[in-house]
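The sequence and structure come first, followed by notes grouped by topic.

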Amino acid sequence: MKIVRRLGASPRERGSVNGQTCPDIFELQDGNFAVIGTDRTEALDPELPPDAARGGHERIVVISRETLVRAKADIPDA
């Protein structure tokens with residue numbers, strides 16, 4: 001598994017003081033995406049709608065709105 005590119009602005013470009021510990025989105029070589037975010041599994045798991053489920057190996061992570069909005073232009077349409 002290999003990271004191909006960052007989607008959107010880097011943490012430093014989004015105003016992170018140290019540019020190292022902020023949400024991020026990456027496209028992987030296999031076409032999937034990796035997300036660095038804050039683990040909010042315990043808080044959000046009971047809030048999932050009835051038609052959503054999370055496997056034991058999956059976590060719910062939260063990224064800032066700005067992170068996703070600034071990545072929008074880099075997200076492929078298909």
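Thr41 is buried, because its relative accessible area is 3% (buried means under 20% relative accessible area, exposed over 50%, partly exposed in between, with a 1.4 Å probe and protein chains only). The model is predicted, so local features need pLDDT of at least 70 and side-chain atom pairs count only at pLDDT 80 or more, while totals for chains, interfaces and linings use all residues. Residues are numbered from 1 along each chain as its sequence is written, and side-chain values use heavy atoms, with hydrogens and water left out.

**Surroundings of Thr41**
- Thr41 is found in helix H1; helices (H or I, at least four residues) and strands (E, at least two) are DSSP runs, numbered from the N terminus.
- The Thr41 side chain makes a polar contact with the side chain of Asp39 at 2.7 Å.
- The side chain of Thr41 also reaches the backbone nitrogen of Ile60, at 2.8 Å.
- A polar contact is a pair of N or O atoms within 3.5 Å; within protein, one must be able to donate a hydrogen and the other to accept it, and residues adjacent in sequence count only if both atoms are side-chain atoms.
- Leaving aside residues up to four places away in sequence, Thr41 touches Arg54, Arg59 and Ile60 (contact means heavy atoms within 4.5 Å).

- Arg59 forms a salt bridge with Asp39, with the closest N and O atoms 2.9 Å apart (a salt bridge is a side-chain nitrogen of Lys or Arg within 4 Å of a carboxyl oxygen of Asp or Glu).
- Arg59 lies in the loop between H1 and strand S5 (61-62) and Asp39 in strand S4 (residues 38-39), so this pair ties together parts that are 20 residues apart in sequence.
- Arg59 is partly exposed, with a relative accessible area of 48%, and Asp39 is partly exposed at 39%.
- Arg54 and Asp45 meet through their side chains in a salt bridge of 3.1 Å, N to O.
- Arg54 is partly exposed at 27%, and Asp45 is partly exposed at 30%.
- The structure holds 5 salt bridges, the pairs above among them.

**The sheet**
- An open sheet is formed by 3 strands in the order S1-S2-S3, with antiparallel pairing; two strands pair if DSSP finds at least two bridges between them.
- Strand S1 (3-6) and strand S3 (33-36) are the edge strands, each pairing on one side only.
- Strand S2 (residues 24-28) is joined to S3 by 4 bridges, and the two run antiparallel.
- Phe26 has Ala34 in S3 as its bridge partner.

- Glu27 forms a salt bridge with Arg5, the closest N and O atoms being 2.7 Å apart.
- This pair links distant parts of the chain, with Glu27 in strand S2 and Arg5 in strand S1, 22 residues apart.
- Glu27 is buried, with a relative accessible area of 16%, whereas Arg5 is partly exposed at 31%.

**Confidence**
- The protein chain averages a pLDDT of 91, and 96% of the residues score at least 70; pLDDT is the predictor's confidence in each residue, from 0 to 100.
- Confidence is lowest in helix H2 (residues 65-71), at a mean of 91, and highest in helix H1 (residues 41-44), at 98.
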